[in-house]
Amino acid sequence: MLKPVVVLVGTLFAAPVLAAEMPVIVKIPRLTMEAAGKIAHGAVDACRKEGIQITATVVDRSGDPMVVLRDTLAPKVSVEISRQKAFTAVNFNASLSSMEDRFKKPFSVGKVEGLVFSAGGLPIEAAGNIVGAVGVSGAATGEQDEACAKAGIEAIRMDLEMAGP
């Protein structure tokens with residue numbers, strides 16, 4: 001009976017030492033507004049080459065919009081849908097095309113207001129850290145939206161890969 005008490009007491013005294021070694025702040029990589037703009041422009045340009053008018057929204061790691069570009073003839077509703085796609089992609093850290101069939105049952109998380117599980121949203125990673133997401137809406141299919149979102153990320157892929165800690 002004495003051994004469990006000794007182990008417990010030892011654990012209690014070790015916890016403050018471990019806590020003292022933990023930093024009091026966390027450094028979090030952030031996407032710059034300039035980088036977000038390049039991604040959005042890359043997505044719009046890719047869709048324009050296909051004759052498609054879209055809206056591209058880039059959000060930060062918290063899901064807050066940084067850049068929204070709506071092409072001249074892109075439908076007004078594409079602004080909100082692209083934001084929701086980006087918000088969903090960053091919060092689930094996954095491409096939305098990989099999640100389309102995941103939440104089909106009633107009352108599932110996919111029914112939460114503000115989440116959209118339709119292809120066209122991709123997370124943005126830099127040096128192994130999620131730094132945001134891009135959402136695209138306005139094309140005839142989610143696959144076209146996602147191809148343009150991917151092209152936007154590809155526009156600065158090397159910069160993202162070279163980003164240091």
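Trainee: Cys47 and Cys148, buried or exposed?
Mentor: Cys47 is buried, and Cys148 is buried too. Buried means under 20% relative accessible area, exposed means over 50%, and partly exposed is in between, with a 1.4 Å probe and protein chains only.

Trainee: What kind of model is this?
Mentor: It is a predicted model, in which local features need pLDDT of at least 70 and side-chain atom pairs count only at pLDDT 80 or more, while totals for chains, interfaces and linings use all residues. Residues are numbered from 1 along each chain as its sequence is written, and side-chain values use heavy atoms, with hydrogens and water left out.

Trainee: How many disulfides does a search of the whole structure find?
Mentor: The search finds 1. A disulfide here is a pair of cysteine sulfur atoms within 2.5 Å. Cys47 is joined to Cys148, with S to S at 2.0 Å. The two cysteines are 101 residues apart, Cys47 in helix α2 and Cys148 in helix α4, so the pair links distant parts of the chain. Helices (H or I, at least four residues) and strands (E, at least two) are DSSP runs, numbered from the N terminus.

Trainee: Which hand does the disulfide have, and why?
Mentor: The torsion about the S-S bond of Cys47 and Cys148 is about 110 degrees, so the disulfide is right-handed.

Trainee: What about α4, what should its length come to?
Mentor: Helix α4 covers residues 142–154, and at 1.5 Å a residue its 13 residues should span 18 Å. The end C-alpha atoms are 18 Å apart, which agrees. The expected span is 1.5 Å times one less than the number of residues.

Trainee: Which residues of α4 are buried?
Mentor: They are Gly142, Asp145, Glu146, Cys148, Ala149, Gly152 and Ile153. Seen down the axis of α4, these buried residues fall within an arc of 160 degrees, so they line one face of the helix. The arc is taken from the directions from the helix axis to the C-beta atoms.

Trainee: And what do they pack against?
Mentor: The buried residues of α4 pack against α2 (33–49), α3 (77–92), β3 (121–126), β4 (129–137) and α5 (157–162).

Trainee: Asp145 is on that list. What is it in contact with?
Mentor: Asp145 counts as buried at 3% relative accessibility. Leaving aside neighbours within four places in sequence, its contacts are Ile54, Lys85, Ala119, Gly120, Val136, Ser137, Gly138 and Ala139. Contact means heavy atoms within 4.5 Å.

Trainee: Switching to Ile52, where does it lie?
Mentor: Ile52 is in the loop between α2 and β1 (55–60). Its relative accessible area is 13%, so Ile52 is buried.

Trainee: Which residues does Ile52 touch?
Mentor: Leaving aside neighbours within four places in sequence, Ile52 is in contact with Cys47, Asp71, Gly138, Ala139 and Gln144. Ile52 and Gly138 are 86 residues apart in sequence, and their C-alpha atoms are 7.7 Å apart in space.

Trainee: Zooming out, what does the chain follow as a pattern?
Mentor: Along the sequence it reads α-α-β-β-α-β-β-α-α, which comes to 5 helices and 4 strands. Of the 165 residues, 41% count as buried. Among contacts between residues at least 6 apart in sequence, 61% join residues at least 24 apart.

Trainee: Which residues touch the most other members in the largest nonpolar core?
Mentor: That core has 26 residues, of which Leu31, Ile39, Ile54, Val58, Ile124, Val134 and Val136 touch the most other members. The elements giving it two or more residues are α2, β1, β3, β4 and α4, and α2 gives the most, with 8 residues. A nonpolar core is a set of buried Ala, Val, Leu, Ile, Met, Phe, Trp, Tyr and Cys residues joined through side-chain atoms within 4.5 Å. In soluble globular proteins, nonpolar side chains tend to be buried together.

Trainee: What does Val134 contact?
Mentor: Beyond neighbours within four places in sequence, the contacts of Val134 include Ile39, Val58, Ile124, Ala149 and Ile153. A second, separate core of 11 residues includes Ala86, Val90, Ala94 and Met99.

Trainee: Last one: what phi does Asn93 have?
Mentor: A positive phi of about 50 degrees, although Asn93 is not a glycine. Asn93 is in the loop between α3 and β3, and is partly exposed at a relative accessible area of 40%. Ala127 also has a positive phi of about 50 degrees without being a glycine, and lies in the loop between β3 and β4. At 40% relative accessibility, Ala127 counts as partly exposed.
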